[in-house]
Amino acid sequence: MRKAKPKKRIILPDPVFNDVMVTKFVNHLMYDGKKSTAFEIFYTALEGVKAKLPNEEGTSLDIWKKALENITPQVEVKSRRVGGATFQVPTEIRPDRKESISMKNLILFSRKRGGRSMSEKLTAEIVDAFNMQGGAFKKKEDMHKMAEANRAFAHFRF
C-alpha cells in the first residue's frame with residue numbers, strides 16, 4: 001500500500017447509557033447530520049421495546065444488544081476470480097465489520113417495514129430480532145446458508 005492507514009476516529013459514548021455501541025448505531029441511523037433526531041428515534045424505540053417486552057428481565061438496552069447479537073453474521077461470501085471462473089468464497093468476518101453489518105441490517109429492515117414512525121418500525125424490528133425472526137435475522141441466515149453451500153471453495157480463501 002502506498003498511503004498510510006487512516007487513523008481510527010474516537011467515538012464518544014452516548015449521554016443516556018454511556019455506551020459507545022449506542023453512538024455507533026445512532027451514527028448509522030442518522031440522516032443529513034441530524035444526530036439529535038437520530039438519538040430521539042433510538043431512545044423512543046428502546047422505550048417501545050420495554051413496553052412490548054415487559055416480562056423480559058434486563059433493561060431495554062440489554063434486549064437491543066441481544067437482538068444485535070442474534071442478527072450478527074459470522075461468515076460471508078466474497079467473489080474470487082480464479083482462472084476465468086468466479087467463485088463465491090466463504091470468509092470469516094472481522095469483529096468490527098460484524099458489528100457494523102448487524103447494525104446496518106437492523107436499520108435497513110426497519111426502514112423497509114410498514115409503520116407510522118421510524119421509532120415504531122425500529123421497535124418492531126428489535127423485538128423481532130430478539131425473538132430470532134424478521135428481515136434482519138433472515139438476512140443473517142441467508143448469509144450463513146450461502147457460505148455453507150460454497151464451503152467447497154474455502155481453499156481459495158485470500
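1. Which residue with a positive phi follows α5? M132 does, with phi near 55 degrees. This is a predicted model: local features need pLDDT of at least 70, side-chain atom pairs count only at pLDDT 80 or more, and totals for chains, interfaces and linings use all residues. Residues are numbered from 1 along each chain as its sequence is written, and side-chain values use heavy atoms, with hydrogens and water left out.

2. Helix α5 covers residues 118-130. Helices here are DSSP runs of H or I, at least four residues, numbered from the N terminus. The end C-alpha atoms of α5 are 18 Å apart. That agrees with the 18 Å that its 13 residues should span at 1.5 Å a residue (1.5 Å times one less than the number of residues).

3. Of the 13 residues of α5, 12 are buried, so the helix is largely enclosed by the rest of the structure. Buried means under 20% relative accessible area with a 1.4 Å probe, protein chains only. Among them are M118, L122, E125, D128 and F130. The buried residues of α5 pack against α1, α2, α3, α4 and α6; contact means heavy atoms within 4.5 Å.

4. Check K121, in α5. K121 is buried yet has no salt bridge (a side-chain nitrogen of Lys or Arg within 4 Å of a carboxyl oxygen of Asp or Glu). The nearest side chain of opposite charge, E120, is 9.1 Å away. Leaving out residues up to four places away in sequence, K121 touches S110, R111, R113, G114 and G115.

5. Helix α3 spans residues 60-70. Its buried residues include L61, I63, W64 and L68. The buried residues of α3 pack against α1, α2, α4, α5 and α6.

Terms used: Helices (H or I, at least four residues) and strands (E, at least two) are DSSP runs, numbered from the N terminus. Buried means under 20% relative accessible area, exposed over 50%, partly exposed in between (1.4 Å probe, protein chains only). Lys and Arg count as positive and Asp and Glu as negative; His and the chain ends are not counted.
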